[in-house]
Amino acid sequence: MADSGAPSTVEVLQTDSWEEALALKGAHPEAVPIAGGTDLMVELNFDRARPRVILDLTRIPELTEWGPENGRLRVGAGVTYARLIAELGDRLPGLAIASRTVGSPQIRNRGTIGGNLGTASPAGDGLPPLFASDAEVELASSAGTRRIAVGEFVTGPKQNCLADDELIAAFHIVPADGPQEFAKIGTRNAMVIAVCSLALAIWPDRRSVAACIGSAGPTPIRTSEAERFIAGVLDEHDLWSSRRPVPAAALDRFGELVEHAARPIDDVRGTARYRHHALGVLGRRTLTWAWEAYRCG
Ligand SMILES: Cc1cc2nc3c(=O)[nH]c(=O)nc-3n(C[C@H](O)[C@H](O)[C@H](O)COP(=O)(O)OP(=O)(O)OC[C@H]3O[C@@H](n4cnc5c(N)ncnc54)[C@H](O)[C@@H]3O)c2cc1C
């Protein structure tokens with residue numbers, strides 16, 4: 001009989017201690033962590049991955065905790081979408097809106113933001129809001145912890161800079177001080193991978209607007225030129241204080257610059273041309289919604 005090369009047994013490492021989990025990862029660098037399993041189990045079921053060792057992180061209480069830390073929020077990697085929506089929706093509205101678009105209730109009950117970071121898919125819906133908030137990812141090993149900007153953590157399509165002995169412990173994020181939006185285009189209303197998406201955050205305290213494109217490039221893409229442009233318009237017309245509407249021409253230009261920032265490809269979900277066009281619309285739309293909320297706030 002031909003040997004498929006797949007291991008006949010899988011060793012599952014389990015612990016309820018964070019320190020022990022880090023020690024196990026150090027001792028078994030090949031071990032694949034599992035949190036909600038909503039990405040990993042699909043890989044296993046389709047025979048795209050056959051890990052010899054799996055490290056179960058579901059029993060570790062520290063990963064499911066969140067709280068304030070030095071003016072930011074520290075959110076454990078094991079916090080699920082359902083909990084993020086219920087417990088942090090007021091402080092992280094952009095991430096909560098994105099979380100509501102993830103899968104189904106079952107997926108939101110199991111799936112974690114840490115798992116979204118671990119998979120690092122350009123279509124991961126949790127990522128654009130993290131990018132638009134300049135979140136940092138906390139990585140840990142037995143040797144210590146390090147924090148890295150999420151934009152540096154994600155290094156390519158489904159690639160990140162986790163070392164073999166590291167686990168994602170948490171992410172650190174500034175709570176919203178203004179309106180945030182997330183809009184996603186899919187081929188149907190729910191249970192859909194984004195054709196493209198856009199997260200947008202208004203930061204009145206620092207008088208800036210941040211936006212990040214999802215699913216239209218190898219990684220999520222910050223829209224730096226569009227952000228600089230709109231910050232200039234808001235300052236020049238004193239719109240932060242007057243709270244008057246953003247001029248229509250500026251909304252259009254913002255949309256164009258968002259569109260130009262995208263680096264999409266043609267694939268089964270949509271063409272590059274459609275994604276460019278759609279992102280221009282999402283740019284105008286999310287800025288309009290968020291600025292309207294700021295004006296009324
Ligand atoms: C039906 C269905 C619908 C879906 N819909 C969406 C959707 O709409 N939007 C979306 O973005 N995603 C969607 N997903 C994908 C998935 O639910 C998300 O990516 C989710 O965030 C994965 O989290 P998890 O906890 O299940 O990760 P897991 O599957 O447990 O892990 C995912 C990856 O991250 C690694 N990992 C997990 N935790 C850690 C850690 N603490 N440290 C280091 N590595 C870690 C794992 O080793 C693995 O490589 C869907 C999946 C399914 C099956």
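Mentor: Not counting residues up to four places away in sequence, Tyr-274 touches Ile-185 and Val-195. Please keep in mind throughout that this is a predicted model. Tyr-274 lies in helix α12, and because its relative accessible area is 39%, which falls between the limits of 20% for buried and 50% for exposed, this tyrosine is partly exposed. To give a sense of scale, Tyr-274 and Glu-138 are 136 residues apart in sequence, and their C-alpha atoms are 36 Å apart in space.

A pair of aromatic rings is described by the distance of the centres and the angle of the planes. The count of aromatic pairs comes to three. One of them joins Trp-240 and Trp-291, with 5.3 Å from centre to centre and 70 degrees between the planes, an edge-to-face arrangement. Trp-240 belongs to helix α10 (residues 239-242) and Trp-291 to helix α12 (residues 272-296), so this pair ties together parts that are 51 residues apart in sequence. Trp-240 and Trp-291 are both buried. Trp-240 also pairs with Tyr-294: the ring centres are 5.6 Å apart and the planes stand at 80 degrees, so this pair, too, is edge-to-face. Once again distant parts of the chain are linked, since Trp-240 sits in helix α10 and Tyr-294 in helix α12, 54 residues apart. Through these ring pairs Trp-240, Trp-291 and Tyr-294 form a cluster. With a relative accessibility of 2%, Trp-240 counts as buried because the limit for that term is under 20%, and Tyr-294, at 9%, is buried as well.

Let me turn next to a charged side chain elsewhere in the chain. Asp-125 is found in the loop between α6 and α7 (127-132), yet with a relative accessible area of 7% this aspartate is buried. Its side chain makes a polar contact of 2.6 Å with the side chain of Lys-184. Leaving aside neighbours within four places in sequence, Asp-125 is in contact with Ala-98, Thr-101, Val-102, Asn-116, Phe-182, Lys-184 and Ala-194.

Lys-184 leads on to the ligand. There, an oxygen atom of the ligand is 3.2 Å from an N or O atom in the side chain of Lys-184. An oxygen atom of the ligand is also 2.6 Å from an N or O atom in the side chain of Thr-112, while an oxygen atom of the ligand is 2.8 Å from a polar backbone atom of Leu-40. Taken alone, the ligand exposes 980 Å², and the protein buries 86% of that. In total 32 residues surround the ligand, the closest being Pro-33, Thr-38, Asp-39, Tyr-81 and Thr-112. Sorted by class, this shell has 17 nonpolar, twelve polar and three charged residues.

Key
Residues are numbered from 1 along each chain as its sequence is written. Side-chain values use heavy atoms; hydrogens and water are left out. A residue is near a molecule or strand if one of its heavy atoms lies within 4 Å of it. A polar contact is a pair of N or O atoms within 3.5 Å; within protein, one must be able to donate a hydrogen and the other to accept it, and residues adjacent in sequence count only if both atoms are side-chain atoms. Accessible areas come from the Shrake-Rupley method with a 1.4 Å probe; for residues, only the protein chains shown count as cover. Ala, Val, Leu, Ile, Met, Phe, Trp, Tyr, Cys and Pro count as nonpolar, Asp, Glu, Lys and Arg as charged, and the others, Gly among them, as polar. Helices (H or I, at least four residues) and strands (E, at least two) are DSSP runs, numbered from the N terminus. Buried means under 20% relative accessible area, exposed over 50%, partly exposed in between (1.4 Å probe, protein chains only). Contact means heavy atoms within 4.5 Å. Rings of Phe, Tyr and Trp (its six-membered ring) pair if their centres lie within 6.5 Å; planes under 30 degrees apart count as stacked, over 60 as edge-to-face and the rest as tilted.
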